[in-house]
Amino acid sequence: MAFTQHRALTAEIDIPLLGFGTYLIPEADTADAVSEAISLGYRHIDTAELYGNERGVGEGLRRGMAEQGLPRPDIFVTTKLWPEAENGTYKSQQQTVRALDESLDKLGLDYVDLYLIHAPFDPEQRLAQWHGLVELRDSGKARAIGVSNYDVRHIEELATAGLPAPDANQIELHPWSQKPALIDFLNGRNILPIAYSSLVPLSTWRAAPGHGSGKTDAMQADSDRGDSPFKVMAAKYGVTEAQLLLRWGVQNGYPVLPKSTIPSRIRANADLFSFQIDDEDMRAIRAMDRGPGVAWGLTDPITAP
């Protein structure tokens, strides 16, 4: 069964609130995970050039759509430009256009629904890269375009250069990093916030070897507490802690991108629309903001000049 809750991305394009993330899923496991997600009702798949698994995502898309009898327009696909080039420089406008061509080849698609610049690394070249994304939207290879890990100043830079605003900004968002000033800015300009790393407060978040982050020992200790507020709230609603954290995102209007290779967790993460967090708990969560994100460790690109 498909989960049909959507939010408008542009006047013509809706984006499913429930997405399936693929960061840190190995290429060899990606096709199975994506096809499983589609079979369980996910209609929004997120990947990136950097993840190194676009071919696996493409195989999973083809398999999942064929098994469910879905036409291409029923699936929303996002991928991202990695701003750096192989020689240590940054991609130009022309290299940006070629990068999406390469991603489309790996995905086996004619277009993506959303193409993002992954991070605002280089002040000069990110304008050229944005010109490239506008060109790709105009050509129909990307239905919508946006950015990721951009702060207010990075988006204002586009406006100052006379360039169109992004349709979306994919950023780390969870109760410990709520970014209220940035969210207010995005909402005021009709730029959709998309949440990643929604499950940071879980003790299991990036606990596997090689999946490090900037999560501190103190944060991990809070995650491990048996009486953590998220565990208490989840018990109140009869849901898992992960479901509660994801529901917080969609209840704020953010598309979320949970990731797993375990079918039972993929299924559980999709069950976000059978309950609602009450106003009292939403207010309590609002007071839990701790500021900066932790997904990028000490090099969070949202702080880039």
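This is a predicted model: local features need pLDDT of at least 70, side-chain atom pairs count only at pLDDT 80 or more; totals for chains, interfaces and linings use all residues.
Residues are numbered from 1 along each chain as its sequence is written, and side-chain values use heavy atoms, with hydrogens and water left out.

Why pick that tyrosine? UniProt, in an unreviewed entry, lists Tyr-51 under "active site", though such annotations may be inferred rather than shown by experiment. You'll find Tyr-51 in the loop between β4 (44–46) and α2 (54–68); helices here are DSSP runs of H or I with at least four residues, strands are E runs of at least two, numbered from the N terminus. Skipping neighbours within four places in sequence, Tyr-51 contacts Thr-22, Tyr-23, Asp-46, Lys-80 and His-118, contact meaning heavy atoms within 4.5 Å.

Okay, on to the core. The largest nonpolar core has 88 residues, and Leu-9, Phe-20, Leu-61, Tyr-115 and Trp-130 touch the most other members. By core I mean buried Ala, Val, Leu, Ile, Met, Phe, Trp, Tyr and Cys residues joined through side-chain atoms within 4.5 Å. Helix α9 (residues 241–251) gives the most to this core, six residues. And Trp-130, again leaving out residues up to four places away in sequence, touches Ile-117, Ile-145 and Leu-158, among others.

Note on methods: Buried means under 20% relative accessible area, exposed over 50%, partly exposed in between (1.4 Å probe, protein chains only).
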